[in-house]
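Have the structure open as you read along.

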Amino acid sequence: MVTKGIVVSSGYAFGNAFIFCEKKININFNKININKVDCECKLFLEAHRKTIVQLKDIKSSIYLKDKKLLFDGYIMILEDKNLKNGVLNLIKEKYIHADAAVHFIIEKQINAIKKIDNNYLQERIIDILDIKKRLIFNINNIDLVDFNFLNEKNNIIIVAKDLSPAQVMLFNLKKIKGFITQLGSITSHTSIISKSLKLTAIIGVKNILDLVKNGDFLILDGVENKIYINPSKKKTYFLKNKYNNFILNKKKLLKLRKLKSITKDGYKIKLLANISNINNLNIILKNGIEGIGLYRTEFLFMDRKSFPSEEEQFIAYKKVARFMGKYVVTIRTVDLGGDKFLPYMNFPKEDSSFLGWRSIRIYMDRIDILHTQLKAILRASIYGNIRIMFPMIISIEEVMFLEKEIEYIKSKLDKERKLFNKKIKIGVMIETPAAAIISNHLAKKLDFFSIGTNDLTQYTLAVDRNNTMISHLYNPLSPSVIKLIKFIVDSVHSEGKKIGMCGELSSDKKALLLLIGLGLDELSMDLVNVLEIKNIIRNSYLKNARKISKKILLKSTYSKILPLLNKY
């Protein structure tokens with residue numbers, strides 16, 4: 001039997017199924033005697049302390065520094081006075097058991113989040129549920145799951161309804177080779193961690209718990225998105241050969257790290273990295289990257305209790321600038337709103353957050369956020385090749401506003417006698433049809449550009465990419481999006497400026513020759529895809545890429561575009 005889901009971490013995994021079922025939580029909803037109130041409060045406080053210790057132990061065992069931040073977020077939720085005091089007050093006022101009080105307080109928080117139309121917050125619900133489960137288990141003195149009991153000699157593939165980030169971090173990777181879940185999201189912390197651990201994972205597999213039994217032999221093909229349940233010997237042999245070729249190809253690609261990304265007929269395309277944090281910078285240069293095309297600074301603002309100070313931001317930007325040396329570092333100012341919200345910032349309830357108060361629109365109302373970040377970036381600019389990029393632009397007026405604020409911050413730094421790069425380059429992301437249509441005017445005023453295809457696609461097609469009802473309509477290779485990209489590239493080039501791309505399309509191997517043919521100067525992507533993209537570039541010809549793009553630009557439907565992409 002063969003089924004499929006959503007690949008969040010590619011690769012291959014061979015092993016026997018282990019069906020992971022959560023231990024059932026039995027909560028005592030009975031009333032307690034008034035004399036036992038203090039005992040229940042002490043029971044909760046001890047469980048609360050124990051849970052924090054457990055999470056700190058997990059955090060200390062993690063070698064990936066950026067993943068430690070996730071558990072800082074867990075601990076921050078636990079240490080929130082509202083949670084702690086809420087549980088204690090409920091025990092004292094309603095005379096209920098500690099586990100019931102935890103249940104009611106955390107469910108209240110979850111129900112409040114469910115009412116907010118925000119995917120980032122919705123995906124944090126599994127993190128909060130994990131905290132709830134840990135507290136209740138510790139109150140009732142129940143041991144949490146220990147994946148170390150699995151037989152070391154067997155390769156195991158975990159099959160579950162869902163998994164929390166903490167559970168995945170506890171996997172013994174010598175035993176567990178991959179996992180499948182029935183639920184999950186590609187942007188969840190669990191998915192992000194599986195990529196970091198290079199653990200083959202396929203999520204969102206409908207009815208997987210009905211299809212698989214404990215001990216079934218499974219093969220996860222995380223390259224072609226296929227799950228094989230008890231395959232034949234012939235199919236197993238075929239897939240093991242595919243896996244061996246996959247590993248061999250990866251080793252060959254490592255030889256490309258120090259080579260330039262240049263076509264056979266001499267066309268140079270700069271390959272840059274998208275990063276969300278600065279804890280694993282050494283990986284960037286190891287992959288033959290020529291700079292950072294997108295530093296998503298909003299992750300500096302998340303999983304904390306207040307805005308990062310100017311000094312905190314300065315230290316982070318200085319670190320990345322120094323490390324990258326001569327290579328460009330493109331710092332995108334904080335892109336809040338849409339699907340990225342901060343627990344300590346009061347966001348309005350909106351019918352459509354992607355069309356609402358986000359990015360530059362927030363700066364205009366909260367100028368302090370912009371000023372603090374600009375000061376930190378400018379101060380760090382003397383330590384490397386930093387450039388500033390602003391998201392979600394729709395007008396020249398917004399650019400004029402930003403230029404004015406940059407000049408104001410420069411004058412403040414001059415008065416404070418602080419050094420900065422007076423000629424720092426300023427650019428914007430083109431991710432709205434409005435910015436695309438005026439891209440020639442924008443190119444007269446700015447130094448560089450990057451096309452954000454994720455938002456550009458959803459705004460051009462009027463499709464919320466996070467809405468499962470219509471997500472099948474989201475297609476960055478639709479004729480309208482391709483034609484718009486071509487228009488943007490030509491408009492920017494007409495003013496003698498460079499333009500790159502930093503959306504997910506930039507690392508789509510199937511679309512690469514099309515993008516080269518459209519004339520992009522830079523491609524910025526997640527590190528995992530860099531060497532494969534470089535390999536394709538080095539084995540291609542610009543003249544052929546241009547022919548392909550011309551043919552595709554003439555097509556009126558995706559069904560006519562797809563065969564050309566597959567062919568080339």
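In S10, Ile292 is the bridge partner of Ala273. The model is predicted, so to speak of local features a pLDDT of at least 70 is needed, side-chain atom pairs count only at pLDDT 80 or more, and totals for chains, interfaces and linings use all residues. Residues are numbered from 1 along each chain as its sequence is written, and side-chain values use heavy atoms, with hydrogens and water left out.

Strands here are DSSP runs of E with at least two residues, numbered from the N terminus, and two strands pair if DSSP finds at least two bridges between them.

| Strand pair | Sense | Bridges |
|---|---|---|
| S4 (residues 156-160) and S5 (residues 176-181) | parallel | five bridges |
| S9 and S16 (residues 522-525) | parallel | four bridges |
| S9 and S10 (residues 291-296) | parallel | three bridges |

Opposite Ile156 stands Ile176 in S5, and Leu271 faces Leu523 in S16 as its opposite residue. How buried is strand S9? Five of the six residues in S9 (residues 270-275) are buried, so the strand is largely enclosed by the rest of the structure; buried means under 20% relative accessible area (1.4 Å probe, protein chains only).

Eight strands make an open sheet of mixed pairing, ordered S1-S8-S7-S3-S4-S5-S6-S2. Strands S1 (2-3) and S2 (6-9) are at its edges with a single partner strand each, so one side of each has no neighbour in the sheet.

Finally, Lys498 belongs to strand S15 (residues 498-501). Lys498 is exposed (over 50%), at a relative accessible area of 54%.
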